[in-house]
Amino acid sequence: MSALEPLRGAIERYLVRRWSHLQNLKIVGIQQIPGGASRETYRIAATFQENGVDAKRGYIFRRDPPSSLIDTNRALEYRTYTAVYPTSVPVPEPLILEEDPGELERPFSMMAEIAGCETAIPNFATPAYAPLREKIGTQKWSILGRLGAMDIDELGVSKFMHAPDRADCARRELDYWAGVIAADSLHPQPIAAAAIRWLKRDPPPAQKLCLVHGDYRSGNFLYDQSGTIRGVLDWEMAHIGDPLEDLAWSLDPLWGWPERHLAGGLLPRRRAVQIWQEASGLQFDADAFRWWQVFASIKGLAIWISSTEDFANGSTKEPILAMAGWVMTDRQNRIIVDRLAPESEHRYAEPLL
Amino acid sequence: MIPRPQQALADLAMKLATSVAPDTQSAYAASNAGMIAMLMQCLAQDFDRAAAVRTQDIDELVALFESLRDVPPESLANRIATFLRGSAESLRIEHLNARHASAMELLIELHAWAETVEADELDQEIWNFLIRHADRHAYHLPV
């Protein structure tokens, strides 16, 4: 019997009750998807009859883990998917949010699967995908521009997310992530401390408020073999904030490591910014963006430091926590030093834009 | 820096034995096995250099604290003096970590003070140390 058989059976029993309008529902396949750092993620295949017609569908089942890379609110993430789904920003269709831990041991959500896609960054350097970099990159930063242009009230996210003051959103984000570093560091962090002091000097006001994805980067969207982006994933850190936050995060050198000239392994940073500007209609404020670039590295470092702590002290011992914690902390520290040291040789990151 | 590497190796070995080995047919298990292999490379690098890189950091900070031309506030200066009179209890990583942490805490405070009083030369020296520190703690992994 597969180790996943008990979960398969439990999901099947749950769905038979939940989707009682379907007949003969069976879960005929279940696979755990690697890399789910904040949720246990499974791909499941179901067969059923609907109105007498046979059907087979794929779903993505995401369950809270006992311990997570990012402490997030599953309901907020699910509502965000629901808000974004009808727009021009492609996301998987959200189907179920189950917050009762009694159903399947821990709360979970389910979405429709977008089949036939990849997420991996290393693909962009392969002969099959390298010619598609411009196409994928253009979509990636156009989608982000469109997200930045959307009105938070029309999108509906202001009904369930806190909308900070435009003057205050940079400081709020900094306070939160600096707090994570303070709480979770197992050893003093002089590079983080220097960067946080730098950031505290001049947090910029936002030119507008928008829905910030919070982890918008290569690796977090699905693309098919034609180079079409079919879905933006992992909205667990979504919040209302400054559109420059996602743009800076998407351009962090970490996401194309060790290639420092192509943002996210796709396009030169200045080209990405140009595409974003055209799609968003927003201004590119270089001073404010410089702040958000350094913030992106501090937020990353906070997540990696937190992962290190979680692996050391938590119960799951998931390798992804150590991978993120040990390897990414090292790289992110090198990026920050590279960017802020007065006599930097910029070996790991291009100078701040 | 990896905390408690010996414990981490034990934890990873347990993971390999209990959750990867029984089911290496799945993509998830294969991914875990790949990550564990990379982590073991990190651990191997740290195992080899752990004492050396910590000692290098500590020695460089001792030199930096001893050569301070700008005089920090009395409380910080006293704690630096106390640190300079001390030493690691032994070469065990646990003891080097404790000495290293003390040095890093003082460095953070000194750096903040240098920025406040615009002691640019000291600020530059500290950044140069941080560049060397980040380099010597880097993991060299296959892309």
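Modeller: Helices (H or I, at least four residues) and strands (E, at least two) are DSSP runs, numbered from the N terminus. This is a predicted model, in which local features need pLDDT of at least 70 and side-chain atom pairs count only at pLDDT 80 or more, while totals for chains, interfaces and linings use all residues. Residues are numbered from 1 along each chain as its sequence is written, and chains are lettered from A and ligands numbered from 1 in the order of writing.

Biologist: Is A:Lys200 buried or exposed?

Modeller: A:Lys200 belongs to helix H7 of chain A, residues 190–201. A residue is buried with 20 or more other C-beta atoms within 10 Å of its own, exposed with 12 or fewer and partly exposed in between, the C-beta atoms being placed from the backbone. A:Lys200 has 12 such neighbours inside 10 Å and therefore counts as exposed.

Biologist: What radius of gyration does chain A have, and why does it agree with that of a compact globule?

Modeller: The radius is taken over C-alpha atoms, and the globule rule is 2.2 Å times the number of residues to the power 0.38. Along its principal axes the C-alpha trace of chain A spans about 70 × 45 × 45 Å. Because a compact globule of 353 residues would have a value near 20 Å, there is agreement with that of chain A, 21 Å.

Biologist: What distance separates the centres of domain 1 and domain 2 of chain A?

Modeller: An automatic or database assignment supplies the domain bounds, and for chain A it gives domain 1 as 5–112 and domain 2 as 122–340. Two residues are in contact if their C-beta atoms, placed from the backbone, lie within 7 Å; 21 residues of domain 1 of chain A touch 26 residues of domain 2 of chain A in this way. Taken over C-alpha atoms, the centres of the two domains are separated by 26 Å.

Biologist: Which element gives the largest share of the side of chain B that touches chain A?

Modeller: The contact takes 38 residues from chain B and 31 residues from chain A. On the chain B side, the elements giving two or more residues are H1 (5–20), H2 (27–66), H4 (93–116) and H5 (120–136). The largest share is 9 residues, and it comes from helix H2(B).

Biologist: How many nonpolar residues has the contact of H11(A) with H2(B)?

Modeller: The axes of helix H11 of chain A (residues 319–340) and H2(B) come within 9 Å and cross at roughly 40°, where axes are lines fitted to C-alpha atoms over the stretch in contact and angles run from 0 to 180 degrees between N-to-C directions. Among the residues making the contact are A:Trp326 and A:Met323 of H11(A) and B:Leu39 and B:Asn32 of H2(B). Ala, Val, Leu, Ile, Met, Phe, Trp, Tyr, Cys and Pro count as nonpolar, Asp, Glu, Lys and Arg as charged, and the others, Gly among them, as polar. By these classes the contact has no charged residues, 1 polar residue and a nonpolar count of 11.

Biologist: Which residues does a cis peptide bond join?

Modeller: Most peptide bonds are trans. The loop between helix H8 (243–250) and strand E10 (262–263) of chain A contains A:Pro258. With omega at about 0°, the cis bond joins A:Trp257 and A:Pro258.

Biologist: What is the phi of A:Asn24?

Modeller: A:Asn24 is found in strand E1 of chain A, residues 23–32, and counts as exposed because it has 9 C-beta neighbours inside 10 Å. Most residues other than glycine have a negative phi. That of A:Asn24 is positive, near 55°.
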